[in-house]
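Please read it alongside the sequence and the model.

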Amino acid sequence: MDDPINFITAEEYYRRAQGWAGPTKIASLSQVPPPTAAKPEDWHGVTLTFDDKTLCVVQFVRPTLFRVRYDPAVRSPEEYDDSNSRTIIEDYMSQLVHDLDTFLGVTWDTELKESVDRKCWIFSSAVTEVLEREGKQQYYKVGDGMKLFLHKDPFRIQAVRVLNPLPDLYPIPEAPSTASRATEKIVWQTSPKTFLWNIHPVVSVVKQVVLDVIKAGHGEFIGFGEQGGTSFMKTPTFMNYFNFDNMQYQQVYSRGPLDAREPLYHSDPFYMDVNSNPEHANVTASFLDNYSQIAVDFGFTNSGFIKLGTRFNAMDIYVISANTVPEITRLYTSIIGRPKLKPKYVLGHHQACYGYEKVEDLYAVVDQYRGVGIPLDGLHIDVDFQDGFRTFTTNPRTFPDPKGMFAQLRKNGIKCSTNITPVISIHDREGGYSTLREGLEKGYFIKDKRYTNGTSGRAEDVLCVCYGGGSRYTLDPKDVSIRPDFGDNYDFVANWNARDYPYHGGVSYGYGNGTAGYYPDLNRKEVREWWGKQYYYLYDMGLEFVWQDMTTPAIHTSYGDMKGLPSRLLMSSDAVSSTAATEKTAAEIWALYSYNLHKATAHGLDTLEKLLPSRKNKRNFILGRGSFAGMYRYAGLWSGDNASTWEFWKITVSQVLSVGLNGVSVSGSDMGGFEPHFNPSTGQEEKYCNPELLIRWYAGSFLLPWFRNHYVKKTRKWFQEPYAYPKHLAQHPELEPEGWLYRAVQGICKYYVELRYSLIQVLYDAMFDNQINGLPIARSMLLTDTQDTSFFNESQRFLDDQYVVRKDILVAPIIKGRHENPGQNRDVYLPLMYFWYPSNLRPWDDQGVALGSKVEGGSVINYTARITNDYSGYPFVTPVYLREGAIIPQIGVRQWIGDSSGGPNRMKINIYPGRDNACEYVTYLDDGVSRSSAPDDILQYQIKAAMTAARGGGAIGSSDSEAKGEHRSVSISQVTTTQPISTSSTRTVTISPVHSNYNPATELGEMYTVILWYDPGVDVSRLSVSVDPATGVQYNIIRNTGLRTVVVDVKETIGNSSKIVISASP
C-alpha cells in the first residue's frame, strides 16, 4: 500500500480532493489578538470560527497586503499565534508591521463592521498619515487601503480596492481626470467553497487543504518562480512545488523542460494577476508560505478557478494588491526581504566544469581565455577539488597547494568558488576530518528518528520512493546492490530509527564519485553557526565565493525518498513559536532544510571577517541551486542541471524574468547546457554543445544577471569553452562543411562578452537598485512598460523571450535554431508610447556608429540576425534596441572587472535623443567589493536592527556594522525644450551627486565623457555647446559630424562638482 506521506502528483492530489469537504459558514468572529502578539496594537486581524468548528485568521499586514491562515486541526484561537515562518524577515508579524510602519513613515488602521443586510462582515484598512522621508519615495497616500468582505453563508472572501482607470493613450479633450473616475473593484475573491480539507485518520501529519480562488476571465497570470519558464504568462496546467533533484526537468512526466508540471529544484509559489480588471491600474499577487508540497490546479480542470493545495501544515497565503508590477515587487520584498549588495565581479563572465580535475586544468583554461582575449572573472571548481569527496577539504594530490593556486589565479583576475554540498562523508582521514569528528562529538548531525504512524514500525518493510523517466518506482534500502557505485555496505535495519545515531545517507556525483555521509541538522541555530565556521579553511586558502550545490539535500535514491531525505525522517522544526512542535517530518518541512543551508552559509561567511584579515570588509556571494522563496536574501539562484538543447535555451529568459518578479538580483541558467544532448537519430549523446546553440545562448544572455558557462566533462562532453570550437575544427577537417559556424563561436561569444563588460556599470547600477527597491536586473516589459496594455493580447508572445535591463536596453534573443528558423530572424516588439533606436552600443570607443532612424513604439520589426564570421555583423546577431531619452554609461573593456593594469577606467555616458526620461539615471560608484559601500539605511538593515532592539539590543540602526554608505551616487538627467529633437532643440544635461561618501578616482580616473547622440538630419556643427560652471572645471568639446554627436570631456572625477550642466542649443 502507498505511504500517504510520500509525494504524489498534482493530478492525483486533486483526484483525491473531490471527496473532501470544508466549512460553509461563519459561526462567530473575534478581534482579540493572540496572547503571544509582540505588538497587540499592530495585530490587525480577525479570527473566524466556522460551522465545522475549524478556525481561520484573516490579518492585514500592510494597508493593501493581507494574510489568510487556515489549519483544520486548530480548535482554539490561541493556537494561531503571532509567529511567522522563517521565510518572513521577522519572527513575529505584529512586530514586523510595527517596524515597517516606523521605517516607511506610514500610519494606518483597520475597522470591522457588519454590512447593512447582515450577510457579511466588512474588514477594511485605511492609511491615515504618510510622513515624507528625505530620499525615500512614498508609495502609499492618505486614504489608500482595501476592504475584505467576509461573507457569512456560504463563506467566501472578496477583496475590494479603489482602482483608477489607466491613462488613455489619446485622452478625450476636457474629460474628467482618471482620479475622478476611480471606482471600487474586486481584486481577489474565493469561491463559495473557499476551503476543502482532509486530515488522514492515522497519519495525522498529512493535513491537506485546498483554497479555491476565482480566476477572472480577463485575468493574465505571471510569476510562479522557476516554473514560470515554460511561458511568461501562465496557461492552464497542473503544477507541483516540491524541491526535487530533477535532472533535465523530465523525471516525473518525462516530457522535458517545456512541461510546467515538473517539480523543479526551487520552490517559489508566488504569482501575480495582472489583468483581472482591464483598463484599470491594478495587479494582485499571491504567495503561499508552505515548505512542504504544494499542488496547483491552474484553471486546468475548470477555467474559472485556481486551486491551491497543500499536503502538510496549514494554508498560509499572503495577498497583495497594488497599481503596478514594480509596486507589488516592492511590497512583497518588504516582508520576505531583499538581498545584500554582492561583489561586482559576480556580474562578470564565469566558467565552470565538472571535470577540471587538477590544478593544471584550471591554469590551462584561464591561459586559453586570456590568450584569445575573452574576459573572464570567475572559475568554479567542482567536487574534484575535495579530498575523497569530504566537504570543506582539498585534494592534496591533484591540488597540492590551494593557497598558492588561488593566489596565482587571483593575480590573473580570477575569483574562485567550489562546490559545497550538505553531506559530511563518513570516512575519516589521516590527520583527522575535523568536520566529521566535531559533528559526531557535538551531536550536530540529523538523528535517524522516524515517524512511524500508519506503518508496521519495522525497518524490513521500508521502501524508498522516487520518480524517473516519467514513472514512479520503489527501491529496497536494504539492497546493497542498488547503492551508489562508490560502495557502501552499512546495515540499514540496524541504523533505522536508532534515534541516538545519525541518519546514514549518501550522495552520488556519478562516474564512481561520491560518498556515504551524515547531514548537519541545519534547522538548529547552533548547528548553523557551526556550519558557517567550517568555511574558515577554504577562505583562508583564498576561496572567494561559494557554489552551494545538491541543496534539497540531493541524496541517492537508495537512501531516501524523491532523491532527498526519507519523508518520515523526523527533523528539528526550527519553529519560532514556543508552542509549536519541535520536530516535524522531512516531508512537512521539505524546503526548509535548503533554506537554512543558504542561511547558515551566508551568516558564516559574514562572520569570517572577524577571523580572517583577508576577509575584512569583503562582500560575500553564494550561488545556490534551489531552496524556497526568500532565499535570495542569502544567495543567487541558478536553475539546476539543464542540457544542451534548444528547449532549455527557450525557457531561460522567461525563467529568469519570472524569478525576478520575486526580487531576486542574480539568477540564470548554465549557458550551453550542463548535460549533453541525446541525439535520437544517432542514439548517442553529443560530445559538445551545438555551436549554433552556444552562440545564441551567449549572445542572447549577454545582459542577463548570471553569465556562467557550465558543463560536465568526465566521459560525457569534450569541451564547451568558446575558444575550443575553432581548435576542434582544426583537428576534424570532416566538419569543414560547417566550418564557418565553428569559427564563428569564438569571435561572436567574445564580442558579446566584451559588450557585457563595457556595460557592466548598467548591470551593477541595477544590482545596487535591487537592494533598495527589490526590482530585478533583467526585467520583463510588464515591469518597465506598465502603460502598454497590448501585452494582454496581441503582444503577449513577446513577453516570453524579450527582456529589458534597468529600463532602457531591450534585448530580443534568437531562441530557435536554423532547423526551425532557417532565415535566422525573429519578430521584435517595441513597447508603446516611446520611440526606440536600433542599438549603436559597441564594446570599444573606436567602433562608434551613428544613430539610426528611430522606430515608433508598438511596432513589430522582423529582424534578421544571421550568424557570421564578419566582425561588422556581430552587433546584429542579437537584436538590441534603446529607448528614446536613454542614459547609458559605459566603461572600457578589461579582461576582468576591477582590472587596473591599464590605469583608471574612464566612464563615458551615452545620452540619447527623445523626450525626457521618466526619471533620472542614477549610477552607483564604489570599489565593487567592500561591504562598507552598502547604504546603511535600507529596509533589510533597518528591520534586522529593529529585531535586535526588540530582543534587548540598542536602538534602530544598521544591522551590518560594515554597511556605511561608502559609495557615490550620481544623478544624470536630460531636459529637452522641443519635440522631436532637431537642430532647433535645446538639450540640457545635468550631472550632480546625490550621495557622496566615496571618491571613485582610483577606479574611474579624473575625467569622464558625455556623449549626446543626435538623429539623422541634425547638423551638430551648428550647435552651440556650453558647460556650467564655465570656470573651475576644465573640459573639452568636440562636434563629430560623422557620428552626429556632441562629445564633452569633463576633466574631473564624476560627481566631484556639486553640479555640471551641459547645454547644446542652436
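The domain assignment of the chain gives two entries: domain 1, covering 10-167 + 181-224 + 269-336, and domain 2, covering 900-930 + 966-1065. The model is a predicted one. Taken over C-alpha atoms, the centres of domain 1 and domain 2 are separated by 47 Å.

**Nonpolar cores**

- The largest nonpolar core consists of 306 residues, and F195 and M272 have the most contacts inside it.
- Helix α14, residues 739-758, gives the most to this core, contributing eleven residues.
- Domain 1 (10-167 + 181-224 + 269-336) and domain 2 (900-930 + 966-1065) each supply at least three residues to this core.
- Apart from this core lies another, made up of ten residues, including I8, A10, A17 and F238.

**Surroundings of M272**

- M272, named above as one of the residues with the most contacts inside the largest core, has a set of contacts that leaves aside its neighbours within four places in sequence.
- Among these contacts of M272 are E220, F221 and I222, together with V283, T284 and A285.

**Cavities**

- A search of the whole structure finds eleven cavities of 30 Å³ or more.
- The largest cavity holds about 260 Å³ of space.
- Its lining comprises 23 residues, and K340, L341, D606, N620 and R633 are those that lie nearest the centre of the cavity.
- By residue class, the lining of the largest cavity divides into eleven nonpolar, nine charged and three polar residues.

**Loop residue T645**

- T645 is placed in the loop between strand β30 (636-638) and helix α11 (646-660).
- T645 counts as buried because its relative accessible area is 11%, where the cut-off for buried is under 20%.
- When neighbours within four places in sequence are left aside, T645 is in contact with H677, L693 and W697.

Terms used: Residues are numbered from 1 along each chain as its sequence is written. This is a predicted model: local features need pLDDT of at least 70, side-chain atom pairs count only at pLDDT 80 or more; totals for chains, interfaces and linings use all residues. Side-chain values use heavy atoms; hydrogens and water are left out. Helices (H or I, at least four residues) and strands (E, at least two) are DSSP runs, numbered from the N terminus. Buried means under 20% relative accessible area, exposed over 50%, partly exposed in between (1.4 Å probe, protein chains only). Contact means heavy atoms within 4.5 Å. A nonpolar core is a set of buried Ala, Val, Leu, Ile, Met, Phe, Trp, Tyr and Cys residues joined through side-chain atoms within 4.5 Å. Domain bounds come from an automatic or database domain assignment. On a 1 Å grid over the protein atoms alone, a cavity is a set of points where a 1.4 Å probe fits but cannot get out, and a pocket is an open set with protein on both sides within 12 Å along at least five of seven lines; lining residues have an atom within 4 Å of a point. Grid points are joined across faces, edges and corners, and a volume is the space filled by probe spheres set on the points. Ala, Val, Leu, Ile, Met, Phe, Trp, Tyr, Cys and Pro count as nonpolar, Asp, Glu, Lys and Arg as charged, and the others, Gly among them, as polar.
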